[in-house]
Amino acid sequence: MPRYEYRCRTCGDTFELSRPMAESSAPADCPAGHGDTVKLLSTVAVGGSASAPAPRAAGGGGGGGCCGGGCCG
């Protein structure tokens with residue numbers, strides 16, 4: 001279940017709630033009991049490496065595909 005981050009406008013605290021996506025915009029009370037909260041826009045981390053080599057075409061060259069790979073005869 002996704003986690004959403006909210007901020008209380010009354011006390012300024014931020015908190016997270018796990019809830020279904022369909023309820024992500026529903027009102028959320030802060031842990032201190034205040035009801036004036038706003039959902040925060042969360043960032044998403046994407047893994048990977050910028051130094052990873054690009055995949056090479058099978059057959060050692062050409063542009064891929066049947067005729068680009070040299071399989072047509």
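What is the strand order in the open sheet? The order is E2-E1-E3, 3 strands with antiparallel pairing (strands are DSSP runs of at least two residues, numbered from the N terminus; two strands pair if DSSP finds at least two bridges between them). E2 and E3 are the edge strands, each pairing on one side only. From one strand to the next, the twist averages 35° (axes are lines fitted to C-alpha atoms, with angles from 0 to 180 degrees between N-to-C directions).

Before going on: this is a predicted model, where local features need pLDDT of at least 70 and side-chain atom pairs count only at pLDDT 80 or more, while totals for chains, interfaces and linings use all residues. Residues are numbered from 1 along each chain as its sequence is written, and side-chain values use heavy atoms, leaving out hydrogens and water.

Select E1, residues 3-8, together with E3: they pair over 3 bridges, antiparallel. Tyr6 sits opposite Lys39 in E3.

Now pick Arg19, in the loop between E2 (14-18) and E3 (37-39). Arg19 is buried (under 20% relative accessible area with a 1.4 Å probe, protein chains only; exposed is over 50%, partly exposed in between). What does its side chain reach at 3.2 Å? The backbone oxygen of Glu23. Show contacts (heavy atoms within 4.5 Å) and, beyond four places in sequence, you'll find Met1, Tyr4, Tyr6 and Ala28 among them.

Pro20 is partly exposed at 34%, and touches Met1 and Tyr4, leaving out residues up to four places away in sequence. Pro2 is 18 residues away in sequence but 6.5 Å away in space, C-alpha to C-alpha.

Terms used. Helix = DSSP H or I, 4+ residues; strand = E, 2+ residues; numbered from the N terminus. Lys, Arg positive; Asp, Glu negative; His and termini not counted. Salt bridge = Lys/Arg side-chain N within 4 Å of Asp/Glu carboxyl O. Polar contact = N/O pair within 3.5 Å; in protein donor to acceptor, adjacent residues only side chain to side chain.
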